[in-house]
Amino acid sequence: MFQDLKAAGHPAGQGRNWRRYVWPSLVPIGIATAWLLGGLDWLGQSAEGRIGLVVNLAVVLLLTGVLLLGVRQRKTGKLFRDQGVLLNGITDHLGAGVMVVDGNGAIAFSNPEARRLLGFTAIQLEEMSFLDLLLVGPTEEGLQQLATEASAAHWKNYSGEAWLKTNDDQSLPVDLTITPLRQVDSSALFVAVFIDIRDRIEAKQQLRALAYYDTLTGLANRSLFFDRVRVAIRRARRGKHGLVVLVADLDNFKQINDSYGHASGDELLGKVAQILQSCIRESDTVSRLGGDEFAILLESVEAASDVAHLAKTIGAALAQPIMVAEGEVHTSASIGIAFFPQDGESGEDLLKNADVALYRAKDTGHGSYQFFTPDMARAVVERLNIEQRLRAGMESNHGLSLCFQPKVDLQDGRVLGFEALARWSDGGRALSPAQFIPIAEKAGLIGEIGLRVLRDACNACVAWQGRFPNAGVAVNLSAAQFRDVKLPQTIARTLAESGLPAHLLELELTESILLGHFDQVNETLTNLRQLGCALAIDDFGTGYSSLAYLQRFSVNVLKIDKSFIDGLDTEVSLMTGNTLVAAILAMAHALKLAVVAEGVEHAGQLDVLRRLSLDVPISVQGYVFSRAVPLDEVLLSLPLRFEPFSNHIEL
Ligand code: C2E
Ligand code: CA
Ligand code: CA
């Protein structure tokens with residue numbers, strides 16, 4: 001062997017052999033480098049892929065040259081140790097691991113980078129089989145075949161992702177190229193070149209996570225959810241067991257987001273995700289579909305009662321106060337439920353119908369759940385139909401009109417003002433505001449409708465001043481309108497355009513509107529007050545802790561809800577309803593608020609109110625005097641003063 005090495009190292013012989021075996025291999029290296037530098041992308045590779053390819057190609061070609069040189073000189077014997085000096089020289093500073101492996105898998109040579117990546121010493125590697133290092137990659141048979149084929153048709157190699165075992169028992173992902181060398185004798189030889197691709201794998205995993213998981217909550221996203229439902233449906237069909245999709249939606253998320261800020265909103269979503277996860281079994285899937293909508297897939301469901309139980313558990317868990325950085329948040333979730341296969345045979349249908357049930361749950365009341373029924377689907381179609389009519393009507397300026405219901409002085413029957421109530425009639429069946437206002441709110445049409453109402457109401461009020469001097473107009477504001485930061489500006493502009501003095505415009509707000517973040521609500525109210533408008537609390541008594549709001553926000557008018565007026569009792573012996581109204585009136589008196597009694601239908605109710613009113617001035621709005629009428633009627637035929645009926649009931 002020494003002889004051979006000497007022969008190989010002999011200046012004359014070496015020069016000839018280098019010319020013959022090594023130099024030719026530099027030509028393709030040159031081409032490859034030019035390709036890399038020139039940015040040619042005829043193989044359609046990415047920059048990283050190109051670098052990998054060129055490094056592999058270069059190393060293999062160079063080593064092939066060197067090894068063929070050696071093989072040519074020595075047909076048998078311990079070639080590699082002797083060639084090691086040369087190989088080391090070439091591969092020392094290469095950013096790729098290089099190993100020369102014989103037909104039995106023995107590692108005859110490894111470069112420093114290979115040893116660094118795998119954490120073995122050269123000696124350790126020499127005692128190992130390359131096949132032991134290969135955790136994932138080509139098989140032994142595959143390599144044998146490669147060797148056989150390589151002897152017939154050269155330049156066939158293995159190239160692909162592989163996982164190699166490291167000294168600390170980790171697995172290292174690499175881009176591996178194994179090239180068999182043309183055999184001179186019967187033993188096969190391979191050059192394995194590998195590049196660490198941990199970064200690439202990590203990036204891939206991150207991409208996968210982005211593709212399948214929601215970054216905010218870490219839950220499965222919509223795509224993964226549908227994947228899981230598809231698989232679950234197949235399993236359910238085979239196993240003939242049930243499968244359920246639940247959709248949960250937070251009831252007041254928008255409000256929380258607006259009041260506490262988006263960071264708190266995000267934090268809340270994260271907490272909600274954890275709570276949902278804690279309510280279900282590990283085999284079930286919770287996913288965030290987007291916004292504050294979550295979907296849950298339950299497999300192997302036994303009975304509807306189990307699902308109802310789970311919905312209740314989730315409802316109760318989410319009704320607990322949740323801590324976020326800004327403070328304690330109170331929320332609740334509505335839940336819609338759809339069963340496979342009766343409510344849908346695909347993930348899409350199940351989700352759609354669970355959504356339909358969710359809508360119904362929202363209507364029923366915060367924090368409730370509903371199972372899907374075909375009736376609900378019809379209601380949704382109806383809802384969509386109304387939404388379409390509203391859109392078309394707003395575009396063509398048809399459909400919306402206003403009626404005005406007089407507010408009458410309880411004592412002398414004089415008309416003091418009017419409430420503007422929206423009507424919708426576009427040729428189809430007329431819609432009541434109770435039907436179309438909530439739909440307009442959800443469809444994002446309320447801003448436009450609200451503006452039209454405001455404008456028409458102001459103009460109407462200007463118009464009736466000749467007949468009803470100083471009779472103002474009250475306009476209902478929806479929560480969405482109130483949240484619009486431009487509201488005071490819009491109102492100021494509308495007042496200016498119509499020429500209506502601000503004190504004749506009253507804005508009706510429900511208690512729930514005032515529930516938002518105190519500072520924001522207060523700022524809007526202050527701005528509205530500064531314009532000179534009056535503020536009324538509508539449907540008083542049906543909302544939340546009413547007294548607190550009256551104290552906090554300086555409103556001018558309190559409208560006692562119809563339900564209290566309905567409760568007024570003309571019988572002397574049954575006084576409960578009367579006591580409630582008396583208490584409200586006393587409170588209004590103390591806070592110096594004007595009072596409107598809504599929905600008064602009978603003369604008897606007027607009498608009771610008169611008895612209870614003491615010295616609080618009360619206006620009455622109700623069918624007892626008049627329904628809401630069109631502007632024409634207000635201008636032409638509505639009496640200036642109503643007969644103040646009295647049944648003379650003694651209390
Ligand atoms: P609301 O503000 O409480 O209006 C009073 C409702 O009670 C009106 O129904 C009115 O017609 C009705 N009403 C008045 N007196 C009586 C009575 O003696 N007996 C009975 N049974 N009902 C009476 P309407 O016009 O159907 O409006 C329903 C609700 O729709 C309103 O309740 C209000 O919350 C909303 N709304 C109406 N117009 C608008 C609007 O322009 N914008 C907004 N955001 N909401 C509106
Ligand atoms: Ca109202
Ligand atoms: Ca009301």
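An open sheet of six strands runs in the order β2-β1-β6-β5-β4-β3, with antiparallel pairing. The model is predicted. A five-stranded open sheet with mixed pairing is also present. Two calcium ions, ligand 2 and ligand 3, lie 3.9 Å apart and are bridged by D538. The disulfide count is zero.

- L164 has L172, in β5, as its bridge partner.
- Strands of a sheet pair through backbone hydrogen bonds, in either a parallel or an antiparallel sense.

- β8 (285-290) and β13 (369-371) are the edge strands, and each pairs on one side only.
- The twist averages 20° from one strand to the next.
- β8 and β9 (residues 293-301) run antiparallel and are joined by five bridges. R288 has F294, in β9, as its bridge partner.
- Helix α14 (residues 347-364) lies across β7 (242-250), β8, β9, β12 (333-340) and β13. The helix runs at about 145° to β12.

**Helix pair α11 and α12**

- Helix α11 spans residues 253-260 and helix α12 spans residues 262-279. Their axes come within 6 Å and cross at roughly 135°.
- Angles over 145 degrees count as roughly antiparallel and 65 to 115 as roughly perpendicular; α11 and α12 are therefore oblique to each other.
- On the α11 side, the contact is made by F253, I256, N257 and Y260. On the α12 side, H262, S264, G265, L268 and L269 take part.

**Calcium ion, ligand 2**

- Four residues coordinate this ion: E419 (OE), N476 (OD1), E508 (OE) and D538 (OD). The distances are 2.1 to 2.3 Å.
- The donor residues are spaced E-x56-N-x31-E-x29-D in sequence.
- N476 lies in strand β16 (residues 472-476) and E508 in strand β17 (residues 505-510), so the pair ties together parts that are 32 residues apart in sequence.
- N476 is partly exposed, at 28% relative accessibility. E508 is buried, at 1%.

- D538 is buried, with a relative accessible area of 7%. D539 is partly exposed, with a relative accessible area of 25%.

**Cysteines**

- A disulfide is a covalent bond between the sulfur atoms of two cysteines. The count of disulfides in this model is zero.
- C279 is buried, with a relative accessible area of 18%. The cut-off for buried is under 20%.
- C403 is buried too, with a relative accessible area of 11%.

Terms used
Residues numbered from 1 in each chain as written. Chains lettered and ligands numbered in written order. Predicted model: local features only at pLDDT ≥ 70, side-chain atom pairs only at ≥ 80, totals over all residues. Heavy atoms only, no water. Disulfide = S-S within 2.5 Å. Buried < 20%, exposed > 50% of the residue type's maximum accessible area, 1.4 Å probe, protein only. Pairing = 2+ DSSP bridges. Helix = DSSP H or I, 4+ residues; strand = E, 2+ residues; numbered from the N terminus. Donors = N, O, S within 2.8 Å, 3.2 Å for Na, K, Ca; no water. Axes fitted to C-alpha atoms, helices over the stretch in contact; angles between N-to-C directions. Parallel < 35°, antiparallel > 145°, perpendicular 65-115°, else oblique. Contact = heavy atoms within 4.5 Å.
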